[in-house]
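Take a look at the sequence and the structure, then read on.

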Amino acid sequence: MKINNLEIFKNTIKSRMAFGTCISLHDATISEIAADAGFDFCWIDMEHGVMSDTDLMHHVMALRGTNCAPFVRVADNTHTRIKKVIDLAPAGIIVPMVNTAEEARKVVQACRFPMDGGSRGYGPRRGYMYGNMPASDFLELSKYEPWIIPQIEHIDAFRNLDEILNVEGIDSICIGPYDLSCSVNKPGMLNDPEVSDMLDEICQKARAKGIVVGAFGGHDYETWKRRGADWISLSFDEAALSNSYRAMLAEARKVNKYTTCSVSECKSCAFQQHCSDSKI
């Protein structure tokens, strides 16, 4: 759908890995900046943080007219939470902690209408351009949009992976490596052989089923590329801002090697300061 840039995203992953960022701050300016920076998608996060439904709507709307696809991670895997989000017409619905095939089936059903085997309620609003799209066109699109993306982020999901991947209607999976590592008592130890082998196996099995693979990948591009990931989120907005500020301050603090000059006319410093090597 043009309104959510899903087709642009799908074309991107045919030729290269797509890069995105997680959005948790409530101001929609963040999503607009991310799109202008060139990200392929924004992972707008309702699971963590304090974002309201209205904030979410503004984030999704901020990406219209860009080349950036809005993916929304809902707060949980219940039908009610998905229903509130799906009417905003995001490109994809990321659903956390899907640990069984039955949970995966319920997620798929919540995203599709009854005539397509689902249980979605009819309240299209933004999805059919507030009435400017024929209902028949909207209902045809709804068979394929939004993308349904369960998260694989717990040892139980790994143990039930084959059954989950066999659920019809899943378009992509999203791997949560940190939660997965916590669930085997190895928090953040992504290079641990047990954790790394699980991540490799998840990617391998999903790709064998023709399911698109995504993940929160941080900056470990090469490893996720080797695994065959199609899309990864590089960071959270607040972490990117914090890291940028720290780097900025580290660079600025290099001037601390200078001391205030007591001479009013310093020939070596435009700011009338000098260091121990200055020549007056």
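Cys174 is in no disulfide either, as the nearest cysteine sulfur, that of Cys22, is 7.8 Å away.

A word on where the values come from. This is a predicted model, in which local features need pLDDT of at least 70 and side-chain atom pairs count only at pLDDT 80 or more, while totals for chains, interfaces and linings use all residues. Residues are numbered from 1 along each chain as its sequence is written, and side-chain values use heavy atoms, with hydrogens and water left out.

**The overall picture**

The protein has twelve helices and ten strands; helices (H or I, at least four residues) and strands (E, at least two) are DSSP runs, numbered from the N terminus. Along the principal axes, its C-alpha atoms fill a box of roughly 85 × 50 × 35 Å. Of the 280 residues, 47% are buried, where buried means under 20% relative accessible area, exposed means over 50%, and partly exposed is in between (1.4 Å probe, protein chains only). The accessible surface comes to about 14,200 Å², and 52% of it belongs to carbon and sulfur atoms; these areas come from the Shrake-Rupley method with a 1.4 Å probe, and for residues only the protein chains shown count as cover. Contact means heavy atoms within 4.5 Å. Among contacts between residues at least 6 apart in sequence, 61% join residues at least 24 apart.

**Strands side by side**

Strand E1 (residues 18–23) is mostly covered, with five of its six residues buried. Strands count as paired if DSSP finds at least two bridges between them. E1 runs parallel to strand E8 (residues 231–236), with four bridges joining them, and Cys22 stands opposite Phe236 in E8. Four bridges also join E1 to strand E2 (residues 41–45), again in parallel, and here Ile23 stands opposite Ile44 in E2. E1, helix H2 (residues 29–37) and E2 make a right-handed β-α-β unit. Right-handed means that, with the strands pointing away from the viewer, the path from the first strand over the helix to the second runs clockwise.

Strand E4 (residues 92–95) has Gly92 and Ile94 pointing one way and Ile93 and Val95 the other, and all are buried. Three bridges join E4 to strand E3 (residues 69–73) in parallel, and four join E4 to strand E5 (residues 147–152), also in parallel. Gly92 stands opposite Phe71 and opposite Trp147 in E5. E3, helix H4 (residues 79–86) and E4 make another right-handed β-α-β unit.

**The nonpolar cores**

A nonpolar core is a set of buried Ala, Val, Leu, Ile, Met, Phe, Trp, Tyr and Cys residues joined through side-chain atoms within 4.5 Å. The largest has 55 residues, and those with the most contacts inside it include Ile44, Ile170 and Trp224. Helix H10 (residues 193–208) gives the largest share of this core, six residues. Apart from it lies another core, of 17 residues, among them Trp43, Ala69, Ile149 and Phe216. Leaving aside neighbours within four places in sequence, Ile170 is in contact with Ala104, Val108, Ile148, Pro150, Ile164 and Ile211.

**Backbone details and single residues**

Most residues other than glycine have a negative phi, and most peptide bonds are trans. Asn5, in the segment before helix H1 (6–15), has a positive phi near 65°. Ala89, in the loop between H4 and E4, has a positive phi of about 60°. A cis peptide bond joins Glu145 and Pro146, with omega about -5°; Pro146 is in the loop between H6 and E5.

Asp116 sits in the loop between helix H5 (101–110) and helix H6 (135–141). Leaving aside neighbours within four places in sequence, Asp116 is in contact with Ser142 and Lys143. The C-alpha atoms of Asp116 and Ser142 are separated by 9.0 Å, though the two are 26 residues apart along the chain.

The table sets out the cover of several residues named above.

| Residue | Relative accessible area | Class |
|---|---|---|
| Cys174 | 0% | buried |
| Cys203 | 0% | buried |
| Asn5 | 6% | buried |
| Ala89 | 7% | buried |
| Asp116 | 32% | partly exposed |

Technical notes:
A disulfide is a pair of cysteine sulfur atoms within 2.5 Å.
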